[in-house]
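I opened this notebook to record what I looked up in one structure. The entries follow the order of my reading.

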Amino acid sequence: MLTQVICFGMSLPLSEHDTIRDCVHVYCEWLSALHPVPKVSVPKPVCEDPNLYARKMISHFHNLFIPRKGEGM
């Protein structure tokens, strides 16, 4: 599903900061499925099972903090 693509996008090299930012933005929009009235941009499957997808999305955010190969300290 699309969540796997976005998860991968969050693990891209930091030089791809625009793509990483866009992936985070998409997930922030989709997390509105947890609100009583989600944003219209939220896909239907996410609206139908928001708790499941919210857990997946939140677990994918860890990719933002994993050291990237070749970009070490």
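Entry 1, source. I noted at the outset that the model is predicted.

I looked up the secondary structure and found 4 helices and 0 strands in the protein chain. Read from the N terminus, the order of elements is α-α-α-α.

I took the box along the principal axes, and the C-alpha atoms of the protein chain fill roughly 45 × 20 × 20 Å. The accessible surface of the protein chain is about 5,100 Å². Carbon and sulfur atoms account for 65% of that surface. Of the 73 residues in the protein chain, 32% are buried.

For helix α1 (residues 2-9) and helix α2 (residues 17-30), I read an angle of about 140° and axes 8 Å apart. I therefore recorded α1 as oblique to α2, since only angles over 145 degrees count as roughly antiparallel. The crossing of α1 past α2 is left-handed.

On the α1 side I listed Leu2, Thr3, Ile6, Cys7 and Gly9. On the α2 side I listed Ile20, Cys23, Val26, Tyr27 and Trp30. Sorted by class, the contact of α1 with α2 has 8 nonpolar residues, 2 polar residues and no charged residues.

Methods. Residues numbered from 1 in each chain as written. Predicted model: local features only at pLDDT ≥ 70, side-chain atom pairs only at ≥ 80, totals over all residues. Heavy atoms only, no water. Axes fitted to C-alpha atoms, helices over the stretch in contact; angles between N-to-C directions. Helix = DSSP H or I, 4+ residues; strand = E, 2+ residues; numbered from the N terminus. Parallel < 35°, antiparallel > 145°, perpendicular 65-115°, else oblique. Left-handed = near helix turned anticlockwise from the far one by under 90°. Contact = heavy atoms within 4.5 Å. Nonpolar A, V, L, I, M, F, W, Y, C, P; charged D, E, K, R; others polar. Buried < 20%, exposed > 50% of the residue type's maximum accessible area, 1.4 Å probe, protein only. Areas by Shrake-Rupley, 256 points an atom, 1.4 Å probe, with all protein chains shown as cover.
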